[in-house]
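Dear colleague,

I am passing on the structure we spoke about, and it is placed just below. My notes on what was found in it follow, beginning with a question.

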Amino acid sequence: MSDRPYITCRELIEFLHLYLDGELPPDRVVEFERHLSVCDSCVHYLATYKETIALGREACRDLDAPVGPEVPEELVAAILSAHRSGR
Amino acid sequence: MTPDIRSEEWAAERDLVARLRGGDERAFERLVREQGGRLLSVARRFLRDEEEARDAVQECFLSAYRALDRFDQGSRLSTWLHRIVINACLMRLRSRRRKPEDPIEDLLPKFQADGHQVNHPTPEWEGSAETLLARSQTRSIVRQAIDRLPESYRAVLLLRDIEELSTEEAAKSLGVTENAVKIRLHRARQALRGLLEPHFRRTAPC
């Protein structure tokens, strides 16, 4: 067991993105995981941070549904007309 | 995707590019019809204004056509157009940005002098993203929360988490360093998390 003091919640949350992206050096990863093993609050923060990313991705993906692969006919006409006049 | 379908798709795309370069009007129309809807969805996400979104898509097709000579045959037309429409949207957002943004700090976690969170402890949420998305109102709550982010943070979140650009690509599009993208994205996600928490946190039983 390490005698060193635990990193703070602030340090963990500030560099969380580097931890998730695997960009922390191994000794820092150990410190992060040591903190997480004793801090439920940061475990919840980490979990909800990841859920936030997933929610953002999925909520916006749904915006495509009403449009589908279709493009409004008047937009097609406007683009083709601009294309012809610009050539 | 099987290798056969993939090679067929590549061949069809190479053929389409050759026809476009040859000035084939029908090939251009086909491109607009095939890709326009998806690009319009992207532009709507960034600009949140139907007319501007349509203008950005039009600009995208016209500038793509002019730049066809620079299209790398090793990449996909859809990916190339996706990048072009994003850049058209970012240019519009930049020209729109006249008033100062609200500071994001209010939406970030706050810490005490000892490094613990002020609202310690962070609560759990009522379920995973998948569970929460099963509720009818979740998508609308999340979209509204994204729209509440200051513009420069909303843009980086859209680029990285929604449009799935790499850090390097996002940095190029925004004209900032990769490190700046990483920091801004982290803050944007934290702020979004903070905005979503009141909706999704598990409340203790009375």
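How are H7(B) and H9(B) oriented to each other? In this predicted model, the axes of helix H7 (residues 151–162) of chain B and helix H9 (residues 178–200) of chain B come within 9 Å and cross at roughly 100°. Since angles of 65 to 115 degrees count as roughly perpendicular, H7(B) and H9(B) are therefore roughly perpendicular to each other. On the side of H7(B), the residues that make this contact are B:Ser152, B:Tyr153, B:Val156, B:Leu157 and B:Arg160, while H9(B) contributes a set that includes B:Val181, B:Arg184, B:Leu185 and B:Ala188. Sorted by class, the contact of H7(B) with H9(B) holds eight nonpolar, one polar and four charged residues.

Turning to chain A, its secondary structure comes to five helices and zero strands, so that its elements, read from the N terminus on, run α-α-α-α-α. Of the 87 residues in chain A, 20% are buried.

The two chains also touch each other, in a contact that takes 38 residues from chain A and 47 residues from chain B. On the side of chain A that touches chain B, the elements giving two or more residues are helix H1 (9–14), helix H4 (40–61) and helix H5 (73–86) of chain A, and the largest share, 16 residues, comes from H4(A). By class, that side of chain A has 19 nonpolar, ten polar and nine charged residues.

With best wishes

How values were computed. Residues are numbered from 1 along each chain as its sequence is written. Chains are lettered from A and ligands numbered from 1 in the order in which they are written. This is a predicted model: local features need pLDDT of at least 70, side-chain atom pairs count only at pLDDT 80 or more; totals for chains, interfaces and linings use all residues. Two residues are in contact if their C-beta atoms, placed from the backbone, lie within 7 Å. Helices (H or I, at least four residues) and strands (E, at least two) are DSSP runs, numbered from the N terminus. Ala, Val, Leu, Ile, Met, Phe, Trp, Tyr, Cys and Pro count as nonpolar, Asp, Glu, Lys and Arg as charged, and the others, Gly among them, as polar. A residue is buried if 20 or more other C-beta atoms lie within 10 Å of its own, exposed if 12 or fewer, and partly exposed in between; C-beta atoms are placed from the backbone. Axes are lines fitted to C-alpha atoms, for helices over the stretch in contact, and angles run from 0 to 180 degrees between N-to-C directions. Angles under 35 degrees count as roughly parallel, over 145 as roughly antiparallel, 65 to 115 as roughly perpendicular and the rest as oblique.
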